Amino acid sequence: MGNKGRKTIIVCQGTGCVSSGATPTYKALEEGIRKAGLTDIQMKLTGCHGFCQRGPIVIIEPDGVFYSGVQEKNCEEIVESHLKNGQPVEGLFYKDPATGQPIATYGEIPFYANQERIVLARCGHINPEVIEDSIDSGIYRAAPRVFWEMPPAAVIEEIKKAGLRGRGGAGFPTGVKWGFCANVEADQKYIICNADEGDPGAFMDRSILEATPHQVIEGMIIAGYAIGATKGYIYARAEYPLAIKRLGIAIEQAREKGFLGRRVFGSEFDFDITIFQGAGAFVCGEETALIGSIEGGRGMPRTRPPFPAVKGLWGRPTVINNVKTLATVPEIINRGAEWFAGIGTEKSPGTAVFALTGKVANCGLIEVPMGTPLRKIIFDIGGGIVDGGRFKAVQTGGPSGGCLPEEFLDTPVDFENLAKAGSIMGSGGMVVMDESTCMVDLARYFLDFTQKESCGKCVPCRMGTKHMLEILEDICEGRGEPDDLSKLMELADAVKEGSLCGLGQTAPNPVITTMKYFRHEYEAHVHEKRCPALKCKAMLQYHVNQDACKFCGTCKKNCPADAIRGDKKKKIPFEIDVDKCIRCGMCHTVCPVGAVVKTSPGIVNDHEEATEAAN
Amino acid sequence: MEEQLSAIFARFRGTVGEVIPLLQKTQEELGFLPEEAMRRIGDFAGVPFSKVYGVATFYTMFRFTPVGKYHVCVCRGTACHVRGADQILEHVERELGISENETTGDGEFSLETVACIGCCALAPCITVNSDVHGRLTSKKASQVLRKARGAALKEEEDGK
């Protein structure tokens with residue numbers, strides 16, 4: 001990739017970095033280099049480098065110098081100091097949140113150093129819009145090999161031997177799925193790449209499609225060859241315009257090279273791919289609903305069997321694999337099943353890709369071997385809890401998953417262990433929470449989501465999630481009754497048992513796990529009308545701590561409800577009128593000296609106890 | 001509308017599997033889905049209007065009323081939620097004087113929420129048309145909206 005010794009400037013153009021201003025950064029660097037007359041420097045835009053929180057990210061290769069938060073105004077200094085005079089700009093280095101020490105190269109940053117990247121290996125290093133860059137980096141090496149050296153059955157055998165399990169969440173063995181489909185005789189078969197990444201709090205698939213679309217396309221070609229499918233679909237969320245654009249470019253380029261279309265790679269095999277844009281329905285991540293959607297209908301799940309591998313799209317045998325699963329396939333072919341099986345754990349080989357977000361210091365896209373303990377992910381890679389907070393829980397698997405408390409921090413992350421704890425691996429969302437997150441409110445949040453996304457086919461899911469949500473809303477708004485908790489569990493069982501697809505079967509998980517591990521919070525809401533995390537608005541009170549107040553009047557000026565009395569000049573103390581207060585928290589946010597205090601006093605019989613709780 | 005629809009239909013074959021892409025292209029072109037357009041799509045794809053309507057109402061991206069010039073979406077993903085998205089939503093509602101799924105009287109702003117835009121590392125975030133604004137606070141959200149409003153006023157003045 002480029003001449004040896006020649007400097008390459010990599011500017012991340014993933015969705016995260018672009019929204020932080022990476023486009024003007026790229027232009028400013030380009031302009032600066034041109035003005036400085038530096039001809040021996042190559043500019044390169046790439047997809048997501050992973051460390052989205054620190055964007056826009058600029059890397060100078062071959063030294064690996066890593067600049068974070070590079071805005072347009074910083075570019076001149078980079079050109080002058082680093083590129084012209086060889087003096088890296090220390091002010092733009094990443095600073096270790098623990099020590100405050102600047103770190104020069106990305107290889108030394110704990111966020112990267114503690115990862116093992118296989119699926120993401122090329123993310124942030126190659127230009128996703130230039131196929132030659134992908135080819136140089138080793139993509140499209142496996143596909144021609146399978147055509148010349150491996151009959152379809154051997155490909156399936158290799159994937160089985162590798163032990164690759166579906167990365168969409170359920171973890172079904174990929175090779176077995178392919179085998180089912182390969183064994184069915186049909187005039188037409190399909191391979192579908194499931195890129196309908198609907199879990200809120202997850203962006204792994206989007207980043208991969210944006211950064212290395214060719215890797216996914218190669219995986220689809222190999223899968224198509226193995227099962228005998230000549231047509232492929234990529235079902236992508238419409239909310240991901242950049243991913244769709246880059247996929248479109250990649251497919252076009254692959255066709256021009258003869259990697260897609262008639263007789264791919266000069267073999268006897270025809271294969272082509274169509275992009276299908278989703279239209280915003282979470283349930284379409286479910287295989288049969290996704291098929292219904294491509295067929296032009298409402299995306300509602302169907303009963304299985306028959307499984308899609310036997311009877312899928314337009315009634316033909318169809319294999320549906322997640323983006324990460326397909327992106328892993330070429331690497332297994334290149335490096336062999338044994339290599340892959342040697343990574344991770346015995347039952348869950350390979351690596352896991354997570355979108356690490358929430359209250360951790362380092363948010364972003366990460367990849368670790370299966371079996372890595374949660375503690376290593378959250379504290380070593382994630383850099384611990386932001387703003388010196390305390391870890392409370394970690395949520396995996398999105399609305400289908402669960403919340404695990406501190407006692408599970410040493411649990412190795414794989415399909416079995418997470419399921420045992422009551423959560424699921426999911427497709428890779430990992431949201432970390434500190435003590436300011438109310439677990440009842442979080443359960444309410446997820447139920448609100450699943451209730452809205454329920455397709456309505458199964459009554460237990462359609463009505464059950466609605467009832468559960470109503471109970472949770474009552475609890476959060478201080479109207480909880482003592483028997484609500486048992487009602488919730490009863491409904492949770494009914495929804496799990498009585499639903500056809502994964503959405504309903506897993507929708508109660510966030511409630512079940514929070515009830516199991518954080519029951520005291522539910523009890524505080526129901527019995528004391530108190531929110532220990534100071535989150536549920538109905539149970540909050542704000543007041544001004546007169547000892548700390550500096551009479552600046554900022555709270556009064558910003559209060560949207562005109563609920564604050566007081567006068568700066570006349571030295572009348574600032575006070576909040578509880579009846580007028582809408583509990584928006586604005587005064588608490590804007591007070592420069594932290595004099596506005598937020599409490600959840602609750603209803604306790606003894607007046608003194610109430611005051612104590614407030615303090 | 002007729003001309004626009006004909007131009008869209010010219011790029012399709014008119015099969016049932018094309019209903020969703022047809023609705024998407026139509027919305028892209030017209031900004032929303034008028035009843036008449038859905039009827040025409042049904043005729044073109046050989047599908048009853050009831051089915052087209054059923055499909056359109058199933059998916060959240062389809063709209064049946066026009067949106068404002070500045071379409072604001074507040075992300076309600078998990079990471080955004082944990083980092084205070086509801087506070088941002090309330091603030092935007094106050095700032096614009098409208099609730100979720102409403103459009104301001106002058107047609108400048110409309111407000112919606114979205115399940116997740118996948119910018120979780122920059123939570124909480126909102127989008128204004130296709131631009132993502134991340135790491136928001138109430139104050140920053142106001143600035144984003146004011147900037148858009150300023151741009152709207154300027155365009156109006158320039159137009160005069």
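# Cores, contact and domains

Guide: This model is predicted. Its largest nonpolar core has 220 residues, and Ile222(A), Ala223(A), Tyr235(A) and Val92(B) touch the most other members.

Visitor: Which helix gives the most to this core?

Guide: Helix H10 of chain A, residues 213-227. It gives nine residues.

Visitor: Take Ala223(A). What is it in contact with, leaving aside its neighbours within four places in sequence?

Guide: Trp178(A), Ile191(A), Val319(A), Asn321(A), Leu326(A) and Val329(A).

Visitor: What does a second, separate core include?

Guide: That core has 14 residues. Among them are Ile564(A), Phe574(A), Cys587(A) and Ala595(A).

Visitor: New topic. How many residues does the contact take from each of chain A and chain B?

Guide: Chain A puts in 46 residues and chain B puts in 37 residues.

Visitor: Where does the largest share come from?

Guide: From H5(B), with four residues.

Visitor: And by class, what does that side of chain B have?

Guide: It has 20 nonpolar, 13 polar and four charged residues.

Visitor: Now the domains. How is chain A divided?

Guide: Domain 1 is 7-113 and domain 2 is 131-341. Then come domain 3 (351-434), domain 4 (439-528) and domain 5 (541-599).

Visitor: How many Å apart are the C-alpha centres of domain 4 and domain 5 of chain A?

Guide: Those centres lie 36 Å apart.

Note on methods: Residues numbered from 1 in each chain as written. Chains lettered and ligands numbered in written order. Predicted model: local features only at pLDDT ≥ 70, side-chain atom pairs only at ≥ 80, totals over all residues. Contact = placed C-beta atoms within 7 Å. Helix = DSSP H or I, 4+ residues; strand = E, 2+ residues; numbered from the N terminus. Nonpolar A, V, L, I, M, F, W, Y, C, P; charged D, E, K, R; others polar. Domains from an automatic or database assignment. Core = buried A, V, L, I, M, F, W, Y, C linked by C-beta atoms within 7 Å. Buried ≥ 20, exposed ≤ 12 C-beta atoms within 10 Å, placed from the backbone.
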